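Okay, thanks for coming, everyone.

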Amino acid sequence: MAQPAERLEPEARVEPPVDLTSYLGQHRAAARPGRFWGLSRDMYVWALVALVLGVFVTAQLRSQPSSPPVDEDYAGRIGAETIARLEAEQSGLKQEITDLRKQITVQQEQAAKTKASFSEISDDLKSEQLQAGLTPLAGPGLLVTLDDSTIKTVPPGEDPNNYLVHEYFLRDMLNVLWSSGAEAISLNDERIVSTTSVYCVGSTILVNSTRLSAPYVFTVIGDAGKIQAALNDPAALALLKYRVQFYGLKMKVEPQAQAHVPAFNGTLKVRYAEPGTPAQGN
Amino acid sequence: MLRQRSAQISLALVCFLLGIMLVVQFRTHTRIIDRTLTLPANEQRTAIASLYDANQKLRQEVDDLRAQLLGYEGSLGKSELDSMVADINRLRAVNGTSEVSGPGVEVTIEGQLRADGSIAPEDAGDLVNELRDAGAEAIAVNGVRVTVNTYFARADGGLTVGGDRVIKVPYVFQAIGQPEALESTLNRPAGMISWLKGKYPGAGITIYRKTALVLPKGDHNVAFKLAKPVK
């Protein structure tokens, strides 16, 4: 056979696979020895070799230029993991923000309610403190002064008590002042409150458990004209006026543009009275 | 023989191409899968950086919100409100701006009194004064709550409380406070009971301790029209 040398070489190298193929094709050879679909055994060998070669060449060709493909993949995988981790962290943070915002909204609503009830309660408290006389007040009104008689010597047969201002005169005065619309009253700087009593121990007058002495000055905030009219009513304070007229007791009424009534400075303890109706009746 | 040879060559060529195509196909396929998992290195870096920045900001936001939440929890305690409510209740009892209940005494005056069937306004005032002196915390006369500005006056029907309420016998004075202290103060030798018995000999005057009195709220609170609070 006059064939080129280059053709001889592959022929020779393919020699061992011939045995292999023949071996492989042995059981088929029984039907059609040496042939399969009308092609020789060699053809299959060649095809197989070419296929393997093609695969290798291509694999080589494609893997060759990108020389560090393993490193890039590794870095890429790390990068992908980092991204995934950061994304998971992000969704966690977003969830936390959503939860916190919800909690804050709840707190804000509560705070608003508390604030509203606080200002409501605060207003109520101020109003009750005002009513209780715990707030110093100023306003138009008058001063009413009562003083003992200046007569130095009591005539014989006269009761010396007739020349003094008694505690019941002070009580009667308060009654008239309240009846004529007084808004606030103090007596010698003692604020008249709901628990105030005016009573006498021996010759001492006590108001808010504080000893007072003449002259007794009522500071009144209210309509001065109306109060004066009530004071001038002949039916009011009849005994006091009689003593003023015949025993020298002193009574002076002075309208004030701005009267100052101090705050009550005692205690307003409540130990027995409870708000509302109790469960058990009487 | 020659024909067979060329057929062999062309088949080998076809198989060779087939092999190339197979590998190309396989590698392309894996590339595509990888791209969905990983971005090109520079894009990856950008993505990581922006995610990192975003997370940093989100973390800051979380910290701010936590601080805000903590601020709300520290404000306006309930105990502060409770003590204010207690103050209000105490003052309402004192001011007569709420109904109150508690132990105390009940003084009843009936029988033969003055010609018009009443007691003198100053006697009613003096009895209230004595009850206050004895430590009464809340007082009512014939179901009318006595407040700071309550006064007694003469009226056509006899006696008025606060000007518009005419009250008639029996006069019932109710006071909440320590019952024994109230009773002993009124019953003392020169006290109001003995004074009233002397002034109204035909009257029946009794004083009883009560375990549970209920007094209504007052209806004549002071209206501050001229008086203004001073600082």
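When I say helix or strand, I'm using DSSP runs, numbered from the N terminus: H or I over at least four residues for helices, E over at least two for strands.

Some housekeeping. This is a predicted model, so local features need pLDDT of at least 70 and side-chain atom pairs count only at pLDDT 80 or more, while totals for chains, interfaces and linings use all residues. Residues are numbered from 1 along each chain as its sequence is written, chains are lettered from A and ligands numbered from 1 in the order in which they are written, and side-chain values use heavy atoms, with hydrogens and water left out.

Chain B as a whole has a mean pLDDT of 87, with 92% of its residues at 70 or more. Chain A averages 82, and 80% of its residues score at least 70. Two stretches of chain A fall below 50: residues 1–18, which have 10 contacts beyond near neighbours in sequence, and residues 23–32, which have 2 such contacts. Contact means heavy atoms within 4.5 Å. Where pLDDT is low, the predicted coordinates should not be read in detail.

Now, the interface. On the chain A side 96 residues are in contact with 86 residues of chain B. The two chains bury about 8200 Å² between them, and carbon and sulfur atoms give 64% of that. A:Q131, A:E183 and A:Y272 supply 9% of what chain A buries against chain B, more than any other three residues. Buried area, by the way, is the accessible area (1.4 Å probe) that two parts lose on being put together, summed over both.

How many salt bridges cross between chain A and chain B? The rule finds 6, and over all chains the structure holds 14. The rule wants a side-chain nitrogen of Lys or Arg within 4 Å of a carboxyl oxygen of Asp or Glu. One to look at is A:E89 with B:R59, where the closest N and O atoms are 2.8 Å apart. Another is A:E128 with B:R92, at 3.4 Å. That pair joins two chains, because A:E128 lies in helix α5 of chain A and B:R92 in helix α3 of chain B, residues 78–95.

There's also strand pairing across the chains, meaning DSSP finds at least two bridges between the strands. β3(A) runs antiparallel to β9 of chain B, residues 228–229, joined by 2 bridges.

Within chain A, β6(A) and β7(A), residues 204–207, pair in the antiparallel sense over 4 bridges. A:C200 has A:I205 as its bridge partner in β7(A). The hairpin has 2 residues between its strands, and A:G202 there takes a positive phi near 65°. In a regular strand the side chains alternate between the two faces of the sheet.

Last, some backbone details. Phi is also positive at A:D189, near 70°, and that residue is not a glycine; A:D189 sits in the loop between β4 (184–187) and β5 (190–191) of chain A.

And where are the cis peptide bonds? One runs from A:A214 to A:P215, with omega near 0°, and A:P215 is in the loop between β8 (210–212) and β9 (216–221) of chain A. Another runs from B:V169 to B:P170, with omega near -5°. B:P170 is in the loop between β6 (165–167) and β7 (171–176) of chain B.

Technical notes. pLDDT = per-residue confidence, 0-100.
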